Amino acid sequence: MPLTTAEREERIAQYERGPLRLRNALAVVPDNALKWRPAPGRWSAHEVVCHCADSETNAYARIRFLVAEKDPVIMGYDQDEWARRFDYHRLPLEPALHTIDAVRASTAVLLRTLSEEAWLRQGRHTQSGPYSAEDWLRSYSDHLETHARQIERNLAAWELSPLR
């Protein structure tokens, strides 16, 4: 079902707030907790931020392909493989945070200029099938909020861990 204008506007506003929400969650994580993993196969706060930078750069391209290309195909990727292959713990956090800020700021401006026709454009996602600009907005407006909560859960688990 298509989003109403008010729902779309709220999603765009949430999308714009995402980087600050992520930074605020990260700001209270002590340095010695940044690379702590809550369980095998689970990401640390540091890895979450690096994932967000990679995901947001994919999102930046995805919305542009959806709106501008004929019959767009949106490539999925294995986020856990990216975290492993790029060894997120070896990557610095500040460039990742700056990347998130930059691609979100640029894309937020674009979102506010899209026509009704653009919002209804549809492509195909290689992992999930039919995929529209509104599907994109539903996903990415929640993305950084979801990961901010993940960082907060990690911190709470770290604080209770006898192994910290």
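In this predicted model, the count of salt bridges comes to 16. The idea behind such pairs is simple: side chains of opposite charge can pair when their charged atoms come close.

Take Arg 8 and Glu 116, whose closest N and O atoms sit 3.1 Å apart in a salt bridge. Arg 8 belongs to helix α1 (residues 5-27) and Glu 116 to helix α5 (residues 116-120), so this pair ties together parts that are 108 residues apart in sequence.

Next comes Glu 9, which meets Arg 112 in a salt bridge with an N to O distance of 2.7 Å. Here Glu 9 lies in helix α1, while Arg 112 lies in the loop between α4 (93-111) and α5, so parts 103 residues apart in sequence are tied together. Glu 9 is partly exposed at 38% relative accessibility, and Arg 112 is partly exposed at 39%.

Helix α6 gets involved too. The side chains of Arg 21 and Glu 152 form a salt bridge, at 2.7 Å from N to O. With Arg 21 in helix α1 and Glu 152 in helix α6 (residues 133-160), the pair links distant parts of the chain, 131 residues apart. Arg 21 has a relative accessible area of 24%, which makes it partly exposed, and Glu 152 is partly exposed as well, at 35%.

Conventions:
Residues numbered from 1 in each chain as written. Predicted model: local features only at pLDDT ≥ 70, side-chain atom pairs only at ≥ 80, totals over all residues. Heavy atoms only, no water. Salt bridge = Lys/Arg side-chain N within 4 Å of Asp/Glu carboxyl O. Helix = DSSP H or I, 4+ residues; strand = E, 2+ residues; numbered from the N terminus. Buried < 20%, exposed > 50% of the residue type's maximum accessible area, 1.4 Å probe, protein only.
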